[in-house]
Amino acid sequence: MTKPLLKKKGKKPYSHLSPFTKMIDPLTEDEELMAGTAQGDEYSFELLVKRHQSRMLNLIYRFIGNRTQARDLAQEVFIRVWQAAPRYKPQAKFTTWIYRLAANLCLNELKSCGRKKLFFSESPAVPGRTPTEERNVSPSAEDILLAEERSRQISHALQSLPENQRIALILKKYDNLSYHEIAKVMECSVSAVESLLVRAKKNLQEKLIFHEK
Amino acid sequence: MKCSQVEKRLSAFQDGELDPQEEERVKGHLESCSACRDRHEELEKVWQALGNSQEIIPDPGFYGQLIKKINESDRASSPTGFRWLFQGFSSPWAASTFLIAGILIGAFLGNFLGRSELFPFQPSRAVQSQAASDVFSLKAFDPLPPGTLGDKYRRMATYEGGDRR
């Protein structure tokens with residue numbers, strides 16, 4: 001067993017596991033992993049982070065538009081998960097809760113930056129998956145440049161949306177949440193979510209058509 | 001369904017959020033109305049275009065850096081001074097109860113430790129009172145200063161002959 005990295009007082013790691021179980025089943029529910037995290041179990045926390053880190057990172061990146069800031073904010077989300085674990089009560093789904101955490105952090109970050117719109121100006125330092133790569137076709141240099149340009153246009157268009165429309169659209173399009181789930185994350189009504197998405201799509205239509213011209 | 005009604009529900013229709021009956025009505029309208037069909041296609045284009053957004057992959061050091069930040073924030077938030085005393089209490093009520101219990105125990109111990117059997121070298125209150133009254137009673141036999149009213153009254157009361165003045 002490796003020495004735990006987290007120096008948390010309290011129960012020893014793995015204490016909640018049966019003596020015959022040395023590893024947690026990777027299919028363990030998020031709520032059970034949170035219960036383990038609340039007891040100071042680093043392995044539960046690590047599993048939780050690795051399960052949700054990509055989702056959080058991309059949500060925040062699409063909202064903020066800056067890779068470095070998105071990574072810092074994503075880590076901040078998990079710091080708050082760690083700190084809140086002892087008080088966490090599974091009244092809603094864990095994903096709803098963590099999405100709400102991330103959304104609030106994004107909105108607060110914008111407020112603290114004075115509502116400056118950060119445009120995507122970085123070239124991808126870590127290669128992401130493009131639609132061409134997803135089709136298992138080796139992309140040419142031209143394809144890669146085109147994909148990057150399209151991605152940049154979309155990022156610009158997303159950044160131009162008001163914050164609430166942006167969050168609702170990202171949660172619907174990229175995280176595939178239902179209207180009901182988005183309403184829980186944003187703490188508003190389902191009809192408000194629908195209205196936000198209608199306006200967001202209309203705004204995006206104008207922006208993306210303008211780019212095409 | 002009218003075009004104005006369908007236009008309002010096109011976004012929800014695209015997102016698959018309509019109930020089955022309404023979905024059927026919208027589908028039926030789209031089959032017969034080219035204007036609404038065009039609007040739907042434009043929405044679909046926008047939706048497809050959004051799919052071209054690149055996804056970023058977390059770097060391998062993400063978790064390690066996160067752990068480092070957590071350890072640093074735990075160290076920074078360790079209570080110091082008097083806050084350390086109340087670190088173990090989960091709520092203000094627990095801290096208050098502990099404080100009140102401490103005061104009561106202290107008062108009880110104070111009364112208990114004041115008992116004479118535990119400290120024989122300290123004079124008891126009764127002995128102290130007796131000694132004090134002895135001291136005061138001795139003064140009753142002190143001679144009164146001559147020439148004072150008390151002295152004259154004493155002479156009058158005892159009538160010591162030959163001492164009249």
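Tutor: A residue is called buried if 20 or more other C-beta atoms lie within 10 Å of its own, exposed if 12 or fewer, and partly exposed in between, with C-beta atoms placed from the backbone. This is a predicted model, in which local features need pLDDT of at least 70, side-chain atom pairs count only at pLDDT 80 or more, and totals for chains, interfaces and linings use all residues. Residues are numbered from 1 along each chain as its sequence is written, and chains are lettered from A.

Student: Is A:Ala85 buried or exposed, and why?

Tutor: A:Ala85 counts as buried because it has 20 C-beta neighbours inside 10 Å.

Student: Where is A:Ala85 found?

Tutor: A:Ala85 is in the loop between α3 and α4 of chain A; helices are DSSP runs of H or I with at least four residues, numbered from the N terminus.

Student: Which residues does A:Ala85 touch?

Tutor: Leaving out residues up to four places away in sequence, A:Ala85 touches A:Met34, A:Thr37 and A:Ala38. Touching, or contact, requires C-beta atoms, placed from the backbone, within 7 Å.

Student: Now helix α3 of chain A: what do its buried residues pack against?

Tutor: They pack against α1 (30-38), α2 (42-64) and α4 (94-112) of chain A, together with α4 (62-76) of chain B. Among the buried residues of α3(A) are A:Phe78 and A:Trp82.

Student: How many residues does each chain give to the contact?

Tutor: Chain B gives 28 residues and chain A gives 39. On the side of chain B that touches chain A, α4(B) gives the most, with ten residues.

Definitions and conventions:
Helices (H or I, at least four residues) and strands (E, at least two) are DSSP runs, numbered from the N terminus. Two residues are in contact if their C-beta atoms, placed from the backbone, lie within 7 Å.
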